[in-house]
Amino acid sequence: MVTVKISKIQALMLGISSVTVTGHLFYIPVIIYYAGRDSWISLLLATIPAILIGFTISFLAQRFKGQTLVEYSQLILGKWAGKLLAIIFLGYFFHEITLDIRGFGEFYTSAITPQTPILIYMTAIFIMAVYAVRSGLEVLARTNQAFLLFLIPIGVLASILTQKDKDYKNFLPVMNNGWDSILLGTLSITAVYCSIFVLSMILSDVSSAKHLKKYTVMAMVIQTAMFIGPVTGVIAVFGEERAVGMYFPTFQLLRDIEIGTLERLDVIGVLLWSLGSFAKVSLLLYALAVGVAQLFKIDDYTIFVLPIAALIVIVSFLNSEDFIGIYRFERDIYPYYSTLVGLVLPLILLIVSLFRKNISPIKGEHH
Amino acid sequence: MLRFSLILICIMLLSGCWDKKELNEVAVIVGVGIDNEPDGAYKVTAQVIKPTPGGGQQKSSGSEIPTWSLSAKGDTIMEAINNLNKISPRQLYWAHLQIIIFSEATAREGVAPLLSWFERDKDSRAGSYVVVTRGSAESLLNKKVELGNISSKSMVDLLDRAKLRQITASQLKLRVLSTQLITPGIDPVLDVIDPKKIRGKYETYQLTGISVFKDDKMVGFIKDPSSVGTEIAFGQFKNSIIKGVCPKSKKGYFIFQITDFRNKVTPKVHQGDIQIHMNITMEGNLSDQTCPVDLIDSQNLKDIEQQLSANIKKYVQTEFDQAKEWQADIFGIGRELKRYHPKFWDHVGKSKDYLSHVSFRYQFNVNIRRSGLIMEPTTVRQKEMGEK
């Protein structure tokens, strides 16, 4: 396998664009469902787990330089337990991508083109993603870098354009529903952040791991900042009661922009979420293919890309019959499940690696 | 080979999608009216812009109306629209919908069941105005108006430019309506548009005050000028005018034209009594007067300020009392209570009885900035010359 190196910032940019964009599209309703008008408090509190996630990823990446999650989990826990954990992580990535691709397709079919079969969008994005992933990590990183330069100004613009409809009195009364709902909101935001753990599959290819912790934690803080606009904007415009019942509140926010003759800017949202979904799908697909290749000790990961992509499309339909089912899963199960796999397990991995001082680089012991 | 097949797939996918709509295959709907039928069904009337034949560069011949409206019945809005599609020569296209009109009878029955489709449909716009009309919505849409070919467009223009025309309109849009319906402690207020007879013939439209809703059911109309209370309460009274009686002479009137209006509403609760404090800052010009008095005189200015504040108090109180009679919380007092006194709201929010404990406290800050292009009215000068 040709070793391609990407820079730290490129890697983190991949993480940011994949988490924020799908988060904005699908998870804002979940966050609002739990925390209501206090979502912004949840978001502020979520910086703590966000920093923890960033720290865990970068710490593991620095401690096991040049090794991916699949490799170092075997080093830390031994061959079999490590492999089991790696399979759990890969399963998590796989499930994550099926949810995202389904959401992406459902977004198109319910909001833009109801006649077009959902499979078309899934196929289209996978053709691109497979092509990008087969071309290597560097291609992914650079494409995403180019996208993100457009995505962030568009997001800021969307936030500014909706300013006139916002009524910040909608956040009153503050904390009327108690800490429970706020903490559940924090949990659901954390769950969204957790999928950035996929970075541990690509941080091994970063050219220099110096100051990686600082950079990653910064990226997580930036990511939290990028959630402020959508979370507060939706509540400020629609009010808590209305915002709870929407599938794509951020999209509806954009759709209703009316500034003079500037109307129906939903195409901005479509652009934003299509590019973001592409970033996430391709990143996760890359991680999966590389992970599977490393699990079976096969040098060339590219042979796995297409079969995995096909499998993802199929499983994305098996997830749930209807979109409401997906939403319910994301609301009721996802916060706990994703936090468990994306934050708790890596933390355990981190702690175990701290206790096991002399980890042999080639083969670990079964314990 | 891979590259070739990729290109082939891309070409196949890029050639178009299932949902394409060609402009010459759709009927663009600008306004929709909803009436109810005696048998409980709804009648939906859609106003469509007629495509101009032959490229569209022709001058309109005058007698021909450039719109066409078609009606169909159904038990739900979607069914009626489906029936519309059965009779329409072109596919109906909702993305340019600008106004939704409810007839009085429909509004009295409740509008919430009618909004579902408009909110769910991907094409319809949450920025459409929602208005109520006395009589039927169908006939309102089919009235021919002077100075404006498309009747929905003229109505939208009436609402859109209300500020420029210095008239007050609540300008409620679908998004705000659905938010207000779902938010406890506030009842919506919709504009009322009626056809207006000029010289015995219906030729134009008229904004005739507001219709008050309790939850989603209309309960009554409030006519101008006491219908401005909601605008005052929500601080949207800018660019309107207030009439007052001239100080001293007590005969003529003056007109105060508001150029800036802000209202900071704070609810206070005192032993079960709800006090709504309105801190009103108002700036404006004296634009007209019929009395021969120098209104800019400092003593007179004080009188004028008093009159203005008295009028505002009167508008707010009259409208509130009327709505209270109907058990409608049109100023969103409940919403404010929920925001600032959530515990108290939990206690009283079950019914609308809290409205009878509401009283208003005002604090005015009136600034009269200008008096147009002249300092004193012409009448004063003439009188002084005569005395000499």
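Predicted model: local features only at pLDDT ≥ 70, side-chain atom pairs only at ≥ 80, totals over all residues.
Close-up 1. The ring of A:F278 pairs edge-to-face with that of A:F147, at 5.9 Å centre to centre and with 70 degrees between the planes. A:F147 belongs to helix α7 (residues 137–161) of chain A and A:F278 to helix α11 (residues 266–295) of chain A, so the pair links parts that lie 131 residues apart in sequence.

**Close-up 2. A:F107 meets A:F251.** Across all chains, the structure holds 35 aromatic pairs. One of them joins A:F107 and A:F251 edge-to-face, with 5.0 Å centre to centre and 85 degrees between the planes. Here helix α5 (residues 79–112) of chain A supplies A:F107 and helix α10 (residues 249–255) of chain A supplies A:F251, so parts 144 residues apart in sequence are tied together. Both partners are buried: A:F107 has a relative accessible area of 0%, and A:F251 has one of 4%.

**Close-up 3. Charges over rings, one in each view.** In chain A, the charged end of A:R331 sits over the ring of A:Y33, 4.5 Å from the ring centre. In chain B, look for B:K243, whose charged end sits over the ring of B:Y253 at 4.9 Å from the centre.

**Close-up 4. The open sheet of chain B.** Four strands make up this sheet in the order β10-β11-β12-β13, with mixed pairing. At its edges stand β10 (241–245) and β13 (358–370) of chain B; each has a single partner strand, so one side of each lacks a neighbour in the sheet. From one strand to the next, the twist averages 35 degrees. Strand β12 (residues 273–289) of chain B runs parallel to β13(B), and twelve bridges join the two. Along this pairing, B:Q275 stands opposite B:S359 of β13(B).

**Close-up 5. Helices packed on the sheet of chain B.** Helix α10 (residues 298–325) of chain B packs on the sheet and touches β10, β11 (253–270), β12 and β13 of chain B. The direction of this helix makes about 140 degrees with that of β13(B). Helix α11 (residues 333–340) of chain B also packs on the sheet, with contacts to β11, β12 and β13 of chain B. Its direction makes about 45 degrees with that of β11(B).

Key. Residues numbered from 1 in each chain as written. Chains lettered and ligands numbered in written order. Heavy atoms only, no water. Pairing = 2+ DSSP bridges. Axes fitted to C-alpha atoms, helices over the stretch in contact; angles between N-to-C directions. Contact = heavy atoms within 4.5 Å. Phe/Tyr/Trp six-rings, centres within 6.5 Å; stacked < 30°, edge-to-face > 60°. Buried < 20%, exposed > 50% of the residue type's maximum accessible area, 1.4 Å probe, protein only. Lys NZ or Arg CZ within 6 Å of the ring centre and 35° of its normal.
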